Amino acid sequence: MIIATVNQKGGVGKSTIAVHLVTWLREQNINAALVDADRQGSSSEWAKELDTATPVYRLQSADEILDEVKLLSEKVIVIDGPAGLGEVTRSMLLVADVALIPCGPSVLDLRAASDAVRVLDQVHRIRGEKPKGAFIPNKLQKNYRLSEELLITAKTLGLDVTPGLGLRQAFADSAGQKSVVWRMNRQAEPAATEILGLFDHLFAN
Ligand SMILES: Nc1ncnc2c1ncn2[C@@H]1O[C@H](COP(=O)(O)OP(=O)(O)O)[C@@H](O)[C@H]1O
Ligand SMILES: [Mg+2]
């Protein structure tokens with residue numbers, strides 16, 4: 001299975017979710033690997049320092065992704081995408097089974113991500129099948145509830161909305177600590193509960 005994190009905007013949580021996800025999968029004894037498709041290389045460094053056993057690949061061109069990802073032997077491949085909707089993102093969607101689209105919590109954030117959905121639809125027309133797509137509302141403020149409008153907009157775009165993640169210091173600190181929130185201190189527990197709940201949701205069916 002190939003899972004891609006995509007969104008043309010930077011800073012929405014693609015790398016944070018990708019590194020947490022690959023680490024969680026490996027803790028479930030699933031042979032999972034990370035492909036870092038972002039030239040900045042931050043998620044590959046993070047994942048390597050976090051768990052030396054995690055297979056980490058850096059593939060930064062569309063050609064490399066199209067040629068090599070399907071040849072990787074691990075059971076689940078998590079590809080962390082770059083910002084932008086260039087050919088790297090398009091190539092990721094051409095090989096992915098699932099596209100996770102982290103985005104900010106407002107309808108405006110969701111609309112901004114709708115260009116990614118347009119690319120998903122193009123890929124659908126080319127492949128004849130759509131990578132399953134889901135929005136992950138990220139950086140939710142305290143007591144934030146997803147608005148009805150946001151849920152309707154997502155539905156119009158044909159995508160699920162997963163449980164969201166709060167705006168939490170623990171997530172912001174996790175990269176610097178080369179850790180994942182469930183291995184951090186007690187203050188990180190609410191963040192851990194949230195992201196583990198998200199993964200349970202994603203893999204429940
Ligand atoms: N839920 C969250 N709460 C607080 N900070 C977050 C959260 N998700 C991501 N961040 C922080 O926001 C910044 C951008 O996240 P990142 O995962 O690198 O986004 P992207 O890969 O989409 O550019 C990072 O500093 C990260 O630590
Ligand atoms: Mg990133």
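Guide: Gladly. H1 and helix H2 (residues 42-50) pack with their axes 10 Å apart, at an angle of about 30°. Please keep in mind that this is a predicted model.

Visitor: Why is H1 called roughly parallel to H2?

Guide: Angles under 35 degrees count as roughly parallel. The angle here is about 30°, so H1 is roughly parallel to H2. H1 also passes H2 in a right-handed crossing.

Visitor: Which residues of H1 and H2 meet?

Guide: From H1 come Ser15, Ala18, Val19, Val22 and Thr23, and they meet Ser42, Ser43, Trp46, Ala47 and Leu50 of H2. The residues of this contact divide into six nonpolar, four polar and no charged.

Visitor: How do you know that Asn29 is exposed or buried?

Guide: By counting neighbours. Asn29 has 7 C-beta neighbours inside 10 Å, so Asn29 counts as exposed. Asn29 sits in the loop between H1 and strand S2 (32-36).

Visitor: And what makes Lys139 buried?

Guide: The cut-off for buried is 20 or more other C-beta atoms within 10 Å. Lys139 has 20 other C-beta atoms within 10 Å, so Lys139 is buried. Its place is in the loop between strand S6 (132-137) and helix H7 (148-156).

Visitor: What makes the phi of Asn29 and of Lys139 worth a remark?

Guide: Most residues other than glycine have a negative phi. Asn29, which is not a glycine, has a positive phi of about 65°. Lys139 is not a glycine either, and its phi is positive, about 60°.

Visitor: Which residues of helix H4 (residues 87-95) are buried, and what do they pack against?

Guide: The buried residues are Val88, Thr89, Ser91, Met92 and Leu93. They pack against strand S1 (2-5), helix H3 (62-68), strand S4 (76-80), strand S5 (98-103) and helix H6 (114-127).

Visitor: What surrounds ligand 1?

Guide: A shell of 15 residues, of which the closest are Lys14, Ser15, Thr16, Phe171 and Ala172. Helix H1 (14-27) and helix H8 (169-176) each supply at least two residues of that shell. Ser15 is also one of the H1 residues that meet H2.

Visitor: How do the residues of that shell divide?

Guide: Into six nonpolar, six polar and three charged. Lys counts as charged, so Lys14, one of the closest residues, is in the charged group.

Methods: Residues are numbered from 1 along each chain as its sequence is written. Chains are lettered from A and ligands numbered from 1 in the order in which they are written. This is a predicted model: local features need pLDDT of at least 70, side-chain atom pairs count only at pLDDT 80 or more; totals for chains, interfaces and linings use all residues. A residue is near a molecule or strand if its C-beta atom, placed from the backbone, lies within 6 Å of it. Helices (H or I, at least four residues) and strands (E, at least two) are DSSP runs, numbered from the N terminus. Axes are lines fitted to C-alpha atoms, for helices over the stretch in contact, and angles run from 0 to 180 degrees between N-to-C directions. Angles under 35 degrees count as roughly parallel, over 145 as roughly antiparallel, 65 to 115 as roughly perpendicular and the rest as oblique. A crossing is left-handed if the near helix is turned anticlockwise from the far one by less than a right angle, and right-handed if clockwise. Two residues are in contact if their C-beta atoms, placed from the backbone, lie within 7 Å. A residue is buried if 20 or more other C-beta atoms lie within 10 Å of its own, exposed if 12 or fewer, and partly exposed in between; C-beta atoms are placed from the backbone.
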